[in-house]
Amino acid sequence: MAAETIGWWGVPLAIAAGTMRGGTPFLFVSLGECLTEKSGKINLGLEGTLLTGAMSAYAISYLTGSPWLGVITAGVAGMALGLLHAWLTQQPRVNDVAVGIAMIIFGSGVAFFLGKPFIQPSAPQLPTLNLGTWSSIPSVQEVLKISPLFLLGVALAPLMTWFFKSTRWGLLIRAVGDSPDAARAIGISIPKVRMLAIIAGSFLAGIGGASLSLYYPGIWSERISSGQGLMAVALVIFARWQPMQCLYASLLFGGAQALGPALQSVGMTQGYYLFNAAPYILTLAIMILTCSPNRTIFGAPGALGTDS
Amino acid sequence: MSTREVPTRGLLYLRRRQIIRGILATTAFGITSKLVGCSSSPEGSSAGGGDEKPLVIGFLYVGAKDDFGFNQAHAEGAAAIAKLPGVKIVEQANVPETTEAQEAMRNMIEQDGATVLFPTSFGYFDPHILKIAEEFPEVQFFHYGALYQEGKHPKNIGSYFADVDEGQYVAGRVAAATSKKGKLGFVAAKPITPVLRNLNSFMLGALSVKPDIKMQVIFTGDWSLPVKEAEATNSLADQGVDVVSMHVDSPKVVIETAEKRGIFSSGFHTVQSSLAPKGYLTGAAWDFPSIYTQYVEKFKAGQTVIDDSIPHLIRGGMKEKFVKLAPYGAAVSAETQKDADDTQAKLIDGSLYVYKGEIKDNTGKTEIPAGQNLKVTDPALDKMDWLASGVIGNVGG
């Protein structure tokens, strides 16, 4: 029983753990949204996709006993919602944001309706990679129980940067998002590219849902996301549409979630409402610090939110 | 702009007429299925009873019926009285605290013939129950919470409430006796009176076994925040806490996380043994099967709340069988089990009080003076705004 209590070390430890545990859904949803927005479309419905992903992953893992099958199903369920969003938003004179809000309600409705029988049972969870076996401190061992989904997300961020920068397909997506007229002029089918980008983005968001229900906190309940999908969409703006910055932003927000409980556990009993609000205050602060009246947001795809 | 949209119409473009046709078809389907649903319900009710007309009792829940929490506790009660002869229950889950609640109640009365309703969630009372109760003066309404006021509210409304403090006191004794490190943890939603009563009675129980025991409380800020609840449990485990209890809507996350971390947990609302076969100790649970059975016995004896033969406010603790203790888990020693049983017996026969003066708060201020004993049903306790001595935490936020 070495190191009975780790005292104040618990705070950085909890934040480190929070970045990996709580950051994973943010990471997948923000990377998915980044991909979608690069093509010039906004998908606010990822909150609903996250919930549907969480529910379908939990349900399939419970029914088949295979959590990995659950992860795949979550991705496929996300793709189905993405297809619907892509089709709706590309009808003439349809507004992305309005459809997105409808898709939040639809996605969460589907998840709640189909998810009823799965609130109570306990589904098999994804295995974790235990990298902390060298330590004799249980808390450290616990922090280093890393989900393969987290590693996958971390690997995806640089991969996506490379994809946008150095591949033909990445260029096509950027062209469609930045200047649809130019893209059309060289003969690219804009609806097809956008549809693929939205569907692929929704696939990632579905996987993010799977990490909520099959890794951390590892349950299915109707409050499981509590707005994380929407926050992840906002993260993309915060990250200036750069996949690597999405990664850092997700880690930051994951860690900030752990701050309130961790500080209370070491006896910082004053101001817990303030610490619980840390992620939101952080967003506001960074938004204010980085905004400028002289230019539009740097890095935003040119056609984002326009009617073209 | 509009001329440019023409080429994009190629992909999956639907004509307006097709959409209208689709909407019409969906509506028609919806109406048919609704009608089919209505016609089948009278058959169900006639099958329920024997030769006499069954007593139809309606239940409304604000969330899912199987959340391992508050709603499940009520639904277990409903399931228990459904087995009684001559009783038929109708249930509706996920009824929000809006006019939808009124609609659900009206449907149960008019279509299912319910004569007694148990709308369980706190927020149903005002204005929804008040409104429907005036509309149907012959139907009895029983609301969970001590909100009924004589003269102000319709005569056909009754309130009932279970004071869980005694259960938590015994659970606190079990927790303190089982804890090896002398450090307990409590994951709480908000610093409001029902939550404070719950965690203080747990602590008072623990203090009665180990006077120098400490309890770290973490307020998450809302009733259902699964990620924060998991973070809170992990942080408590990191700080060397080895028994954790909670007051949140669904204790599932806290109990499962505690089990993963290899520490003990003490439940709430209902029985959660199956979630943590190793670490679950016990827990205070509402005994709704007993509460609702007691009500049904009164109804069968011809009593109603309308003519005051059933009191308008019924409160109870362990003695009234409103609160029970969950079965002991594997980690609870035989000695501790016996002690807990004895403590329960003493609380029931009135020789032991949970709130026995002198009780100090965690700043050293005397909250209940020496020589004063408060029953758990005492209204003075409904103003509690302090944390018992030994609790590390702060109500002010």
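With 308 residues, chain A would have a radius of gyration near 19 Å if it were a compact globule, and its value of 20 Å agrees with that. The model described here is a predicted one.

### Chain A as a whole

Along its principal axes, the C-alpha trace of chain A spans about 70 × 50 × 35 Å, and the secondary structure of this chain comes to 14 helices and 2 strands. Of the 308 residues of chain A, 56% count as buried.

One part of the surface of chain A can be pointed out by name: Ile72(A), Val76(A) and Met79(A) make a nonpolar surface patch of about 250 Å². Of these residues, Ile72(A) lies in helix H4, which covers residues 67–89 of chain A.

### Chain B and its domains

The domain assignment of chain B gives domain 1 as 49–162 + 289–316 and domain 2 as 165–283 + 325–392. The C-alpha centres of domain 1 and domain 2 of chain B lie 30 Å apart, and the contact takes 9 residues from domain 1 of chain B and 14 residues from domain 2 of chain B.

Pro311(B) is found in the loop between helix H10 (288–300) and strand E11 (313–316) of chain B, where it counts as partly exposed at 40% relative accessibility. Although Pro311(B) and Ser159(B) are 152 residues apart in sequence, their C-alpha atoms are 8.6 Å apart in space. Glu100(B), in helix H4 (residues 99–110) of chain B, is also partly exposed, with a relative accessible area of 43%; Glu100(B) and Tyr124(B) are 24 residues apart in sequence and 10.0 Å apart from C-alpha to C-alpha.

### Salt bridges

Side chains of opposite charge can pair when their charged atoms come close. The structure holds 20 salt bridges over all chains, including those in the table.

| Salt bridge | N to O distance |
|---|---|
| Lys116(A) and Glu222(A) | 2.4 Å |
| Glu103(B) and Arg106(B) | 3.3 Å |
| Asp382(B) and Arg197(B) | 2.8 Å |

Lys116(A) is partly exposed, with a relative accessible area of 25%.

Glu103(B) and Arg106(B) both lie in helix H4 of chain B, where they are 3 residues apart, about one turn of the helix. Glu103(B) counts as partly exposed at 39% relative accessibility, whereas Arg106(B) counts as buried at 16%.

Asp382(B) lies in the loop between strand E16 (373–374) and strand E17 (391–392) of chain B, while Arg197(B) lies in helix H7 (residues 193–209), so this pair ties together parts that are 185 residues apart in sequence. Asp382(B) is partly exposed, with a relative accessible area of 36%, whereas Arg197(B) is buried, with a relative accessible area of 5%. Salt bridges that share partners join Asp163(B), Asp165(B), Arg197(B), Arg315(B) and Asp382(B) into one network.

Methods. Residues are numbered from 1 along each chain as its sequence is written. Chains are lettered from A and ligands numbered from 1 in the order in which they are written. This is a predicted model: local features need pLDDT of at least 70, side-chain atom pairs count only at pLDDT 80 or more; totals for chains, interfaces and linings use all residues. Side-chain values use heavy atoms; hydrogens and water are left out. Patches are made of residues with over 30% relative accessible area and no salt bridge: like charges are joined within 9 Å, nonpolar side chains (Val, Leu, Ile, Met, Phe, Trp, Tyr) within 5 Å. Accessible areas come from the Shrake-Rupley method with a 1.4 Å probe; for residues, only the protein chains shown count as cover. A salt bridge is a side-chain nitrogen of Lys or Arg within 4 Å of a carboxyl oxygen of Asp or Glu. Helices (H or I, at least four residues) and strands (E, at least two) are DSSP runs, numbered from the N terminus. The radius of gyration is taken over C-alpha atoms; the globule rule is 2.2 Å times the number of residues to the power 0.38. Buried means under 20% relative accessible area, exposed over 50%, partly exposed in between (1.4 Å probe, protein chains only). Domain bounds come from an automatic or database domain assignment. Contact means heavy atoms within 4.5 Å.
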